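Let's take a friendly walk through a protein model. Have the sequence and the 3D view ready as you read.

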Amino acid sequence: MAGISTSYDPATTAQALAESFTSGRQSILTRQSTQATAAEKGLSTLGTALSSFQSSLAALTSVNKTLAASSAVFSDTGIASASATAAATAGTYSFFVEQVASAHKVSYSGLSDFAGGGSLTLGVGAGTFSVDLSTKPTWTVRDLAAAINGATGNTSMSASVVTTGATSELVLTSTATGAANTITVASTGADATLAAKLGAAPNQLAPAKDTIVRIGSATGTAITQANNTLNVIDGVTMTISKAQTAGSAPVTLTVASDPAKTTSNVQAFVDAYNKLKSAIDGLVSPGDPASGGAAGAFAGDSGVRALRDRLVSMVRGGGATSLAGYGIIANRQGTLSLDSTRLTKALATNPRGLDTLIGSASSTTPSGIAGQLDTYLKVWTNSANGQINSRRDAVGKLQTSLTARQSALDKQYDSAYARYLAQFSQLQTVQSSMSYNTSLFDALFSSSKD
C-alpha cells in the first residue's frame with residue numbers, strides 16, 4: 001500500500017490561496033492608487049507651470065512695464081542716467097545740472113554721560129518725534145543715539161556716535177533730501193549740560209539742498225525738487241548724480257526706441273508661454289503604446305484639455321490686431337514663434353500697438369491679452385477656490401479612502417491566510433497520521449506473506 005504524500009508547505013499554500021482570494025480587489029486598489037498618485041504629481045506640475053507663467057507675465061507687463069522698449073541715454077552718464085518706457089516720445093533734450101539734492105547732516109560735539117530727565121523733540125522738516133529721557137537715571141551718548149533710532153514715529157533721521165577722546169559727537173542724518181528737510185533738536189527739562197550742547201548751533205556736515213536742473217542751458221528755466229529723480233518728460237525717468245561746473249556745456253538726453261530690448265521682451269513672453277503649453281501638452285498626452293511612451297496624468301481629462309485650448313485661443317486671436325501682425329505666430333498646435341523682422345516693421349508703423357494688444361497683467365487694472373490670460377488662469381491658481389486646490393482636495397479625499405480600503409483588504413487577507421494556514425496545517429497533521437498508519441499496514445501484510 002503506497003504512503004500518502006505530505007510534502008507540501010501549509011504556509012505557502014495558505015499565502016497563495018489568500019492572494020487569490022484578494023487579488024481582484026487588490027488589482028483595482030493598486031490601479032486606483034497609482035492613478036491618484038499620478039494625479040497628485042500632475043496637479044503639482046500643472047500648478048507650478050501656471051504660477052511660473054503668471055509670474056513671468058507680471059514681470060513683463062505689470063504696472064509701468066511694457067514689452068515695447070525705449071532707451072534714454074545721457075551724453076555724460078557721470079552727470080545723470082535715465083530710463084524710458086514705450087510711452088516716451090523719441091527726441092533729443094538738453095539740460096544743465098546746477099545742483100544735486102542732498103540730505104541734511106549735522107553733529108553735536110563735546111557730549112558726555114548725562115543725568116536722565118526731561119525729553120527731546122527732534123524733527124526733519126515739518127515732522128517731529130519725541131525721546132523720553134526720564135526712563136533711565138544716567139545716559140551715555142550711545143544710549144541717546146539708540147533711543148533716537150528706536151523712537152516711535154522716527155522715520156526721518158538716523159543717529160550715530162563718533163568718539164573723540166573723553167567726549168563723543170552725536171551725528172544726525174536726515175533720511176530725505178531737499179532744502180525743506182532740515183534737522184531740528186529741542187529739549188524740555190533735560191540735563192543742563194546736554195541742553196546747552198544741543199541748543200547750540202550744530203556742526204553742518206552736509207547741507208539740505210534741492211536738485212536744480214535747468215532746461216536747455218545754464219540760464220534756462222529751472223526745475224527744482226527735493227530729490228534727484230525727475231519725471232519731467234513723459235515716459236522718462238532721470239536720475240541726477242553730479243552737478244556741472246559753471247561754464248560747462250549742457251548734457252544731452254537722447255530718447256529712442258530700442259528694437260533689441262523689445263525683441264528680447266517679446267521673446268521672453270513667447271518662451272514663457274511655450275514652456276507652459278509644453279507642460280500641459282505632456283500632462284494631457286495620450287502616450288504611444290507602440291513606442292512605450294506613457295500617457296500623461298490627465299490624458300483623459302477634458303478640463304485640462306479645455307485649459308490648454310483656451311490658452312491657445314487667447315494667443316492665436318484673429319483679425320488685423322492679432323499677435324501674428326506683430327510677428328508672434330501660433331502654429332497648428334498653438335506653439336508660438338517670433339518673426340523679429342515682422343515685429344520691427346509693425347512697431348515702426350504703430351509703436352504702441354503691441355503694448356495695447358498685450359495689455360497688462362496688473363491685478364487691479366488687467367487689460368489686453370495679458371489681462372485675459374492672467375484672469376483666466378486665476379480660475380485655476382486661486383488659493384481659495386481655484387481648480388488646482390479643489391482637485392487636490394478631491395485627490396486627497398480619494399487617497400484617504402483608498403488607504404482605508406487597503407487597510408480593510410489587508411485585514412481580509414490576514415484573516416484568509418490564518419484560516420487557510422490552520423486548515424492546511426490540520427490537513428497535514430491528518431495526512432501524516434494516515435501515512436503512518438498506512439506504513440504499519442504495509443509492514444504487517446508484508447510480514448504475513450513471509
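## A lysine to start with

Is K277 buried or exposed? K277 is buried, with a relative accessible area of 5%. Here buried means under 20% relative accessible area, exposed means over 50%, and partly exposed lies in between (1.4 Å probe, protein chains only).

Before going on, please note that this is a predicted model, where local features need pLDDT of at least 70, side-chain atom pairs count only at pLDDT 80 or more, and totals for chains, interfaces and linings use all residues. Residues are numbered from 1 along each chain as its sequence is written, and side-chain values use heavy atoms, with hydrogens and water left out.

Side chains of opposite charge can pair when their charged atoms come close. A salt bridge is counted when a side-chain nitrogen of Lys or Arg is within 4 Å of a carboxyl oxygen of Asp or Glu. The model has seven salt bridges by this rule.

K277 forms one of them with D281, at 2.7 Å from N to O. Both residues belong to helix α4 (residues 259–284), and because they are four residues apart there, about one helical turn separates them. Helices (H or I, at least four residues) and strands (E, at least two) are DSSP runs, numbered from the N terminus. D281 is partly exposed, at 24% relative accessible area.

D281 also meets R308 in a salt bridge of 3.2 Å, N to O. R308 sits in helix α5 (residues 302–316) while D281 is in helix α4, so this pair ties together parts that are 27 residues apart in sequence. R308 is partly exposed, with 21% relative accessible area. A network of salt bridges links K277, D281, R308 and D309.

K378 is partly exposed at 35% relative accessibility, whereas D374 is buried at 7%.

## A sheet of four strands

Now look at the open sheet with the order β9-β10-β4-β12, whose pairing is antiparallel. Strands count as paired if DSSP finds at least two bridges between them. β9 (157–164) and β12 (203–206) stand at the edges with a single partner strand each, so one side of each has no neighbour in the sheet.

Strand β4 (residues 103–111) pairs with β12 over three bridges in the antiparallel sense. S107 stands opposite N203 in β12.
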